[in-house]
Protein chains: 2
Amino acid sequence: MLTHAVQATDGAARAGVLRTAHGEVETPVFMPVGTAGTVKAMTADAVRATGARMVLGNTYHLMLRPTAERVARLGGLHRMMDWHGPILTDSGGFQVMSLAKLRKMDEQGVVFRSHIDGSKHALSPERSIAIQHLLGADVTMCLDECTPFPATEAEAANSMRLSMRWAARCREAFVPRDGHGLFGIVQGGVYPDLRAESVAALRAIGFEGYAVGGLAVGEGQETMFRVLEATVPLLPADRPRYLMGVGTPADLVGAVRRGIDMFDCVMPTRSGRTAKAFTRHGALNLRNARHADDGAPLDPDCACPACARHSRAYLHHLFKAEEMLGPMLLTWHNIRYYQDLMRELREAILAGRFEAAAAAIESGWNAAKEPAA
Amino acid sequence: MLTHAVQATDGAARAGVLRTAHGEVETPVFMPVGTAGTVKAMTADAVRATGARMVLGNTYHLMLRPTAERVARLGGLHRMMDWHGPILTDSGGFQVMSLAKLRKMDEQGVVFRSHIDGSKHALSPERSIAIQHLLGADVTMCLDECTPFPATEAEAANSMRLSMRWAARCREAFVPRDGHGLFGIVQGGVYPDLRAESVAALRAIGFEGYAVGGLAVGEGQETMFRVLEATVPLLPADRPRYLMGVGTPADLVGAVRRGIDMFDCVMPTRSGRTAKAFTRHGALNLRNARHADDGAPLDPDCACPACARHSRAYLHHLFKAEEMLGPMLLTWHNIRYYQDLMRELREAILAGRFEAAAAAIESGWNAAKEPAA
């Protein structure tokens, strides 16, 4: 069984330790996204060097290429990508809906065509769990439907109830193993009553962890926080809480404040590839011409190679010249920044000064806003 | 002054130490190419980890972007790219001829338009030397004309004699500094008499090192070796000898055998980005479907991360999925392989067993030829 021990709370914020088959991870934790068996533009060593201790793999991408069976033959995802810490895999459902073609969904599951070669595939609760088992996930996610936004209350209810029936089938299909766990996903859109119904349904089934899904899909930060406030207090305190696909540094601070332990998002990696950097002093775009002659580091308080060894002018040059090292260095920086942010929040929770730390972090972001590019 | 001490010879092959303002480098040495201030797909740390101790920068690319003056303002090329070993810069001439548009060349120099934005620039012997000084090169190369292939003897003679007049102007323009040196470039096409005339002209001027230029431009390996045999013995034994833009592993072995000390080539880096790997057991293309399920390492005798931590199947997957990590890992491997090859040749020369080592290396390449992709 995978477990989460809460070490300290400060308001609703929690600091804890997640224990998995591939080691312990301190929470709150941010998991870089390793979509197709690689955190884009990073070696596994570099990911570790950022401080990251747990990564996410995408079932949809991996089932299509190189296929779950091939990953299993190669010794599993950990070995294939040389990542020896824990891995969480998503269910594939979200990306079937956002990437695949010609989808047909019913009670049984979803049939779709690959966005790569048009080949036909099926995903059901049982197949998703089997794939994640083949990949060797430490944390397996239930297949659900990510309710679109906006959705009427009736649409959100129907969608959520389908996900709850699928969650029961996932629980049945999951093979319990030491240090491994299955997480249920709370749905229900922006409707507090539906979120409560979803939590109750999942708790009745029982999971090693609980995710909040269907957020950061266009509802806005204020609404997202409101949904968390209505949902998180209903979750069992002794299980980890994971907010899926979120988000900006400000989203993370706000969600930790509301009791979330785990996060993943493509934002630091995707932004890094497009010259956007997150720093203690706000976000900036390295393509901006004002950096062309700037010999100062990107973030003087960051120890990553981009900041410790290079100038903003060099990073600007790399992006202008379309050199691969630009995305490599900025991805490294952004992941490192997210890790540093999580560690700072964790230390603040342990010291009982979360709000002071959060206020200092937020004031740093606002101190040096970049003019619009 | 930059110096080269020969430690041992074995036939015509030499092992030595190049002493520069940025440290010592054992020869024979292969310099990875850092075109625009970065060895493509590699951090400076990763380049060092391959064993590389000296890199090349391209004057043409750097003068256009970020410009030599900007590099100088940022503290020079070493500091900008975080490379603290020696750097050799080319003169820019070769790439003006292969990349720039609307070139006009006369006795004074060449006027051209940038391939990036069409802007107009001039390069003369004096300007090339000034740019390389601004970049902070340890080894500065004379501006020359790389004689096209094929060229008649008259064409090759005219071209070579222009390069010799430019070499004298470069010598005048170069500012001597401790640990820095200027290299002359032997031209003369495939004509031994012209090569001899070129060597005599350069020796009359006097340089800290001598390069053999105008090879690997289509003449074939046999002709290249024949030109080296006619040229290298005429060069002063106490100065380093650099074969520009060469080559395959077999080219390197053959040129070391003929007395060359220094090499650069885009082959390991460019090939790495297109899935081609050089190994002790021959070259192979990781896109080839036969690697899809191959759990074996790329080269079991290589200690690079691609070989030590991953399978051929994973590398194949990364290239199929167009993940940046594919080029990153294969570039790392190829540079490492070139460094290992140079070290093996050097150790063999020091031990007086160059031919035995070369034969063993060559038989390894032939042992496992890949079927045509």
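Is Ala41(A) buried or exposed? At 2% relative accessibility, Ala41(A) counts as buried, where buried means under 20% relative accessible area, exposed over 50% and partly exposed in between, with a 1.4 Å probe and protein chains only.

A quick note before the views. This is a predicted model, in which local features need pLDDT of at least 70 and side-chain atom pairs count only at pLDDT 80 or more, while totals for chains, interfaces and linings use all residues. Residues are numbered from 1 along each chain as its sequence is written, chains are lettered from A and ligands numbered from 1 in the order in which they are written, and side-chain values use heavy atoms, with hydrogens and water left out.

**View 1. The annotated binding site in chain A.** An unreviewed UniProt entry lists Cys302(A), Cys304(A), Cys307(A) and His333(A) under "binding site"; UniProt positions follow the numbering used here, feature names are shortened, and annotations may be inferred rather than shown by experiment. These residues span 32 positions in sequence, yet no two of their C-alpha atoms are more than 8.0 Å apart, so they gather at one spot.

**View 2. Cys302(A) in its loop.** Cys302(A) sits between β16 (282–285) and α12 (305–309) of chain A; helices (H or I, at least four residues) and strands (E, at least two) are DSSP runs, numbered from the N terminus. Cys302(A) is buried, at 6% relative accessibility. Beyond its neighbours within four places in sequence, Cys302(A) touches Arg280(A), Cys307(A), Ala308(A), His333(A) and Arg336(A), contact meaning heavy atoms within 4.5 Å.

**View 3. His333(A) on its helix.** His333(A) belongs to α14 (residues 325–350) of chain A, and its relative accessible area is 0%, so it is buried. Setting aside neighbours within four places in sequence, its contacts include Cys302(A), Cys304(A) and Cys307(A), along with Phe278(A) and Leu298(A).

**View 4. Two cis peptide bonds.** Most peptide bonds are trans. The one from Arg65(A) to Pro66(A) is cis, with omega near 10°, and Pro66(A) lies in the loop between α2 (59–64) and α3 (68–73) of chain A. Over in chain B, the bond from Phe149(B) to Pro150(B) is cis too, with omega near 0°; Pro150(B) is in the loop between β10 (139–141) and α7 (153–173).

**View 5. Alanines with positive phi.** Most residues other than glycine have a negative phi. Ala41(A), in the loop between β4 (29–31) and α1 (44–49) of chain A, has phi near 75°. Ala275(B) has a positive phi of about 75°, sits in the loop between α11 (267–273) and β15 (276–279) of chain B, and is buried at 0% relative accessibility.
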